[in-house]
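Here are a few notes to read alongside the model, written for someone opening it for the first time. They cover some helix packing and then the pockets.

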Amino acid sequence: MENGIVRFGRYTLAFLAAGVGLYALRYAAVPANIWLGVDQGIRGVIEKVPLQALTHMIVAPVALLTGPWQFIPQLRARWPRLHRWTGRLYVVACVVAGVAALATAPFASGGPVAGLGFGTLAVLWLWTTISGWRAAVNRKFEQHRIWMRFSYAMTFGAVTLRLQIPPGFIFFHFHSYSEMSVWLAYTAWIPNVIVVAIYSWLLAWRKRGDTVRTPQAA
Ligand code: HEM
(Lines give C-alpha, C1' and ligand atoms only; values in the text may rest on other atoms or scores of the structure.)
Protein backbone atom coordinates (compact mmCIF):
# COMPACT_ATOMS: atom_id res chain seq x y z
CA MET A 1 0.00 0.00 0.00
CA GLU A 2 1.47 3.32 -1.06
CA ASN A 3 2.43 5.70 1.71
CA GLY A 4 0.23 8.86 1.78
CA ILE A 5 3.23 11.18 2.27
CA VAL A 6 4.99 9.74 -0.78
CA ARG A 7 1.80 10.17 -2.85
CA PHE A 8 1.35 13.76 -1.65
CA GLY A 9 5.02 14.42 -2.49
CA ARG A 10 4.57 13.06 -6.02
CA TYR A 11 1.57 15.27 -6.78
CA THR A 12 3.24 18.37 -5.27
CA LEU A 13 6.27 17.64 -7.44
CA ALA A 14 4.09 17.33 -10.56
CA PHE A 15 2.26 20.58 -9.73
CA LEU A 16 5.47 22.59 -9.24
CA ALA A 17 7.06 21.05 -12.34
CA ALA A 18 3.99 21.97 -14.40
CA GLY A 19 4.15 25.60 -13.17
CA VAL A 20 7.86 26.07 -13.94
CA GLY A 21 7.71 24.02 -17.18
CA LEU A 22 4.75 25.92 -18.65
CA TYR A 23 6.19 29.31 -17.63
CA ALA A 24 9.49 28.41 -19.35
CA LEU A 25 7.66 27.83 -22.65
CA ARG A 26 7.68 31.64 -23.11
CA TYR A 27 11.20 31.18 -24.53
CA ALA A 28 9.54 29.70 -27.63
CA ALA A 29 8.54 33.31 -28.49
CA VAL A 30 12.15 34.60 -28.37
CA PRO A 31 13.00 33.60 -31.99
CA ALA A 32 10.13 35.93 -32.99
CA ASN A 33 11.92 38.66 -30.95
CA ILE A 34 9.30 38.57 -28.18
CA TRP A 35 11.03 38.68 -24.77
CA LEU A 36 8.32 38.01 -22.20
CA GLY A 37 9.73 38.62 -18.72
CA VAL A 38 13.26 37.46 -19.66
CA ASP A 39 15.98 38.46 -17.16
CA GLN A 40 18.65 40.81 -18.63
CA GLY A 41 21.49 38.42 -17.73
CA ILE A 42 19.73 35.50 -19.44
CA ARG A 43 19.01 37.71 -22.48
CA GLY A 44 22.75 38.36 -22.70
CA VAL A 45 23.41 34.59 -22.72
CA ILE A 46 20.84 34.02 -25.48
CA GLU A 47 22.28 36.83 -27.59
CA LYS A 48 25.79 35.36 -27.23
CA VAL A 49 24.91 31.71 -27.99
CA PRO A 50 21.33 31.66 -29.34
CA LEU A 51 21.30 28.17 -30.83
CA GLN A 52 22.45 26.23 -27.77
CA ALA A 53 20.73 28.49 -25.19
CA LEU A 54 17.32 28.46 -26.90
CA THR A 55 17.52 24.75 -27.73
CA HIS A 56 18.09 24.16 -24.02
CA MET A 57 15.40 26.58 -22.82
CA ILE A 58 12.71 25.31 -25.19
CA VAL A 59 13.42 21.54 -24.97
CA ALA A 60 14.25 21.17 -21.23
CA PRO A 61 10.68 22.01 -20.11
CA VAL A 62 9.51 18.89 -21.99
CA ALA A 63 11.61 16.77 -19.59
CA LEU A 64 10.29 18.66 -16.59
CA LEU A 65 6.67 18.21 -17.72
CA THR A 66 6.85 14.53 -18.75
CA GLY A 67 8.98 13.24 -15.84
CA PRO A 68 6.60 13.29 -12.84
CA TRP A 69 3.99 10.98 -14.42
CA GLN A 70 6.61 8.27 -14.90
CA PHE A 71 6.90 7.80 -11.13
CA ILE A 72 3.20 7.10 -10.50
CA PRO A 73 2.94 3.30 -10.09
CA GLN A 74 -0.77 3.14 -10.98
CA LEU A 75 -0.14 4.82 -14.35
CA ARG A 76 2.79 2.50 -15.09
CA ALA A 77 0.70 -0.59 -14.26
CA ARG A 78 -2.39 0.53 -16.18
CA TRP A 79 -0.77 1.96 -19.32
CA PRO A 80 2.70 0.39 -19.72
CA ARG A 81 2.95 1.49 -23.37
CA LEU A 82 2.28 5.08 -22.38
CA HIS A 83 5.06 4.79 -19.76
CA ARG A 84 7.47 3.55 -22.45
CA TRP A 85 6.62 6.28 -24.98
CA THR A 86 6.60 9.11 -22.43
CA GLY A 87 9.88 7.70 -21.12
CA ARG A 88 11.45 7.85 -24.60
CA LEU A 89 10.27 11.45 -24.97
CA TYR A 90 11.75 12.27 -21.54
CA VAL A 91 15.12 10.72 -22.46
CA VAL A 92 15.29 12.50 -25.84
CA ALA A 93 14.39 15.83 -24.16
CA CYS A 94 17.06 15.32 -21.46
CA VAL A 95 19.74 14.38 -23.99
CA VAL A 96 19.02 17.27 -26.39
CA ALA A 97 18.56 19.82 -23.56
CA GLY A 98 21.54 18.37 -21.64
CA VAL A 99 23.96 18.64 -24.58
CA ALA A 100 22.66 22.18 -25.24
CA ALA A 101 23.05 23.03 -21.52
CA LEU A 102 26.65 21.77 -21.59
CA ALA A 103 27.33 24.05 -24.56
CA THR A 104 25.61 27.00 -22.81
CA ALA A 105 27.29 26.54 -19.38
CA PRO A 106 30.60 28.28 -20.31
CA PHE A 107 28.55 31.41 -21.13
CA ALA A 108 26.39 31.33 -17.95
CA SER A 109 25.43 34.81 -16.78
CA GLY A 110 27.01 34.14 -13.36
CA GLY A 111 30.52 33.63 -14.85
CA PRO A 112 32.93 30.66 -14.68
CA VAL A 113 32.01 29.41 -11.16
CA ALA A 114 28.33 29.24 -12.15
CA GLY A 115 29.38 27.73 -15.47
CA LEU A 116 31.27 24.96 -13.66
CA GLY A 117 28.22 24.14 -11.52
CA PHE A 118 25.86 24.03 -14.50
CA GLY A 119 28.42 22.11 -16.58
CA THR A 120 28.83 19.46 -13.86
CA LEU A 121 25.05 19.21 -13.60
CA ALA A 122 24.72 18.77 -17.37
CA VAL A 123 27.26 15.90 -17.42
CA LEU A 124 25.58 14.14 -14.46
CA TRP A 125 22.13 14.71 -16.01
CA LEU A 126 23.22 13.07 -19.29
CA TRP A 127 24.97 10.22 -17.48
CA THR A 128 22.08 9.28 -15.14
CA THR A 129 19.44 9.61 -17.88
CA ILE A 130 21.31 7.51 -20.45
CA SER A 131 22.16 4.90 -17.78
CA GLY A 132 18.48 4.76 -16.76
CA TRP A 133 17.40 4.29 -20.37
CA ARG A 134 20.01 1.53 -20.94
CA ALA A 135 18.92 -0.28 -17.77
CA ALA A 136 15.30 -0.29 -19.02
CA VAL A 137 16.34 -1.61 -22.45
CA ASN A 138 18.32 -4.38 -20.70
CA ARG A 139 15.27 -5.11 -18.50
CA LYS A 140 17.14 -4.28 -15.29
CA PHE A 141 14.14 -2.50 -13.81
CA GLU A 142 15.42 -2.03 -10.26
CA GLN A 143 18.50 -0.21 -11.62
CA HIS A 144 16.28 1.67 -14.09
CA ARG A 145 14.17 3.05 -11.24
CA ILE A 146 17.23 4.20 -9.27
CA TRP A 147 18.94 5.93 -12.23
CA MET A 148 15.73 7.66 -13.26
CA ARG A 149 15.12 8.90 -9.72
CA PHE A 150 18.55 10.58 -9.84
CA SER A 151 17.93 11.90 -13.35
CA TYR A 152 14.69 13.56 -12.29
CA ALA A 153 16.29 14.93 -9.11
CA MET A 154 18.48 16.94 -11.48
CA THR A 155 15.68 17.84 -13.89
CA PHE A 156 13.77 19.12 -10.86
CA GLY A 157 16.71 21.41 -10.15
CA ALA A 158 14.94 23.79 -12.56
CA VAL A 159 12.18 24.08 -9.92
CA THR A 160 14.37 24.24 -6.82
CA LEU A 161 16.52 26.89 -8.52
CA ARG A 162 13.51 29.14 -9.10
CA LEU A 163 12.13 28.53 -5.60
CA GLN A 164 15.41 29.85 -4.18
CA ILE A 165 15.32 33.15 -6.11
CA PRO A 166 12.78 35.08 -3.92
CA PRO A 167 14.54 34.17 -0.61
CA GLY A 168 17.85 35.09 -2.27
CA PHE A 169 16.61 38.62 -2.92
CA ILE A 170 14.75 38.99 0.40
CA PHE A 171 17.07 37.34 2.94
CA PHE A 172 20.50 37.29 1.28
CA HIS A 173 20.25 40.71 -0.39
CA PHE A 174 21.45 39.67 -3.85
CA HIS A 175 20.94 42.41 -6.44
CA SER A 176 20.38 40.24 -9.52
CA TYR A 177 19.78 36.68 -10.68
CA SER A 178 23.26 36.58 -12.25
CA GLU A 179 24.92 37.45 -8.93
CA MET A 180 22.88 34.74 -7.17
CA SER A 181 23.45 32.11 -9.85
CA VAL A 182 27.04 31.49 -8.64
CA TRP A 183 25.32 29.75 -5.69
CA LEU A 184 22.23 28.53 -7.51
CA ALA A 185 24.34 26.53 -9.97
CA TYR A 186 25.06 24.20 -7.02
CA THR A 187 22.26 24.69 -4.47
CA ALA A 188 19.62 24.02 -7.15
CA TRP A 189 20.48 20.35 -7.53
CA ILE A 190 22.90 19.02 -4.87
CA PRO A 191 20.18 18.92 -2.13
CA ASN A 192 17.82 17.09 -4.53
CA VAL A 193 20.46 14.47 -5.23
CA ILE A 194 21.09 14.02 -1.48
CA VAL A 195 17.34 13.59 -0.80
CA VAL A 196 17.06 10.96 -3.55
CA ALA A 197 20.17 9.14 -2.27
CA ILE A 198 18.67 8.97 1.25
CA TYR A 199 15.25 7.90 -0.11
CA SER A 200 16.79 5.15 -2.28
CA TRP A 201 18.90 3.93 0.62
CA LEU A 202 15.82 3.78 2.91
CA LEU A 203 13.86 1.82 0.29
CA ALA A 204 16.73 -0.65 -0.13
CA TRP A 205 17.08 -1.00 3.65
CA ARG A 206 13.32 -1.64 4.10
CA LYS A 207 13.32 -4.17 1.26
CA ARG A 208 16.27 -6.01 2.82
CA GLY A 209 14.36 -6.14 6.15
CA ASP A 210 11.29 -7.64 4.41
CA THR A 211 13.44 -10.31 2.71
CA VAL A 212 15.00 -11.31 6.06
CA ARG A 213 11.54 -11.54 7.73
CA THR A 214 9.97 -13.58 4.89
CA PRO A 215 12.78 -15.75 3.48
CA GLN A 216 12.13 -17.28 0.04
CA ALA A 217 11.45 -21.04 -0.05
CA ALA A 218 14.58 -22.80 -1.29
C1 HEM B 1 19.37 19.58 -15.29
C2 HEM B 1 20.24 20.11 -16.08
C3 HEM B 1 20.22 21.56 -16.50
C4 HEM B 1 21.31 22.31 -16.76
C5 HEM B 1 22.74 21.83 -16.69
C6 HEM B 1 20.88 23.61 -17.14
C7 HEM B 1 21.71 24.67 -17.51
C8 HEM B 1 21.30 25.94 -17.76
C9 HEM B 1 22.14 27.08 -17.98
C10 HEM B 1 23.68 27.05 -17.98
C11 HEM B 1 21.36 28.16 -18.18
C12 HEM B 1 21.83 29.62 -18.36
C13 HEM B 1 21.72 30.21 -16.95
C14 HEM B 1 22.57 31.38 -16.63
O15 HEM B 1 23.13 32.00 -17.51
O16 HEM B 1 22.65 31.66 -15.44
C17 HEM B 1 20.00 27.71 -18.08
C18 HEM B 1 18.89 28.51 -18.20
C19 HEM B 1 17.61 28.04 -18.31
N20 HEM B 1 17.20 26.74 -18.15
FE21 HEM B 1 18.34 25.21 -17.67
N22 HEM B 1 19.50 23.65 -17.08
C23 HEM B 1 19.05 22.40 -16.71
C24 HEM B 1 17.74 21.99 -16.58
C25 HEM B 1 16.66 22.73 -17.00
C26 HEM B 1 15.30 22.29 -16.97
C27 HEM B 1 14.80 20.91 -16.56
C28 HEM B 1 14.52 23.30 -17.41
C29 HEM B 1 13.05 23.27 -17.52
C30 HEM B 1 12.27 24.28 -17.26
C31 HEM B 1 15.41 24.40 -17.72
C32 HEM B 1 15.03 25.62 -18.25
C33 HEM B 1 15.84 26.71 -18.36
C34 HEM B 1 15.37 28.04 -18.65
C35 HEM B 1 13.93 28.42 -18.95
C36 HEM B 1 16.48 28.87 -18.62
C37 HEM B 1 16.51 30.41 -18.82
C38 HEM B 1 16.62 31.07 -17.47
C39 HEM B 1 15.33 31.25 -16.73
O40 HEM B 1 14.29 31.63 -17.31
O41 HEM B 1 15.34 31.01 -15.51
N42 HEM B 1 16.69 24.02 -17.45
N43 HEM B 1 19.98 26.36 -17.84
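1. A definition to start with: a crossing is called left-handed if the near helix is turned anticlockwise from the far one by less than a right angle, and right-handed if clockwise. By that rule, α6 and α7 cross in a left-handed way. Do keep in mind that this is a predicted model.

2. Now for the geometry of that pair. Helix α6 covers residues 112-137 and helix α7 covers residues 141-155; they pack at an angle of about 155°, and their axes are 8 Å apart. Angles over 145 degrees count as roughly antiparallel, so that is how α6 and α7 run relative to each other.

3. Who touches whom here? On the α6 side you'll find L121, L124, W125, W127, T128, T129, S131, G132, W133, A135 and A136, and they meet F141, Q143, H144, W147, M148, F150, S151, M154 and T155 of α7. Sorted by type, the residues of this α6 and α7 contact come out as 12 nonpolar, eight polar and no charged.

4. Compare α1 and α8, which pack at an angle of about 80° with their axes 9 Å apart. Angles of 65 to 115 degrees count as roughly perpendicular, and α1 and α8 are therefore placed that way. From α1, the contact uses L16, A17 and V20; from α8, it uses A158, V159, R162 and L163. That makes six nonpolar residues, no polar and one charged.

5. The largest pocket has a volume of about 1900 Å³. Its lining takes in 49 residues, and R10, F71, R76, R145 and R149 are the ones nearest its centre. Two or more lining residues come from each of α1 (4-24), α3 (50-70), α4 (73-78), α5 (80-104), α6, α7 and α10 (190-213). Which helix gives the largest share of this lining? That would be α10, with 13 residues. By type, the lining of the largest pocket splits into 28 nonpolar, nine polar and 12 charged residues.

6. The second largest pocket has a volume of about 940 Å³. It is lined by 33 residues, with H56, F118, L161, R162 and Y177 nearest its centre. At least two lining residues each come from α1, α2 (40-48), α3, α5, α6, α7 and α8 (157-171). The lining of the second largest pocket divides into 24 nonpolar, six polar and three charged residues.

Note on methods. Residues numbered from 1 in each chain as written. Predicted model: local features only at pLDDT ≥ 70, side-chain atom pairs only at ≥ 80, totals over all residues. Heavy atoms only, no water. Axes fitted to C-alpha atoms, helices over the stretch in contact; angles between N-to-C directions. Helix = DSSP H or I, 4+ residues; strand = E, 2+ residues; numbered from the N terminus. Parallel < 35°, antiparallel > 145°, perpendicular 65-115°, else oblique. Contact = heavy atoms within 4.5 Å. Nonpolar A, V, L, I, M, F, W, Y, C, P; charged D, E, K, R; others polar. 1 Å grid on protein atoms, 1.4 Å probe; cavity = no way out; pocket = protein on both sides within 12 Å on 5 of 7 lines; lining within 4 Å. Points joined across faces, edges and corners; volume = space filled by probe spheres on them.
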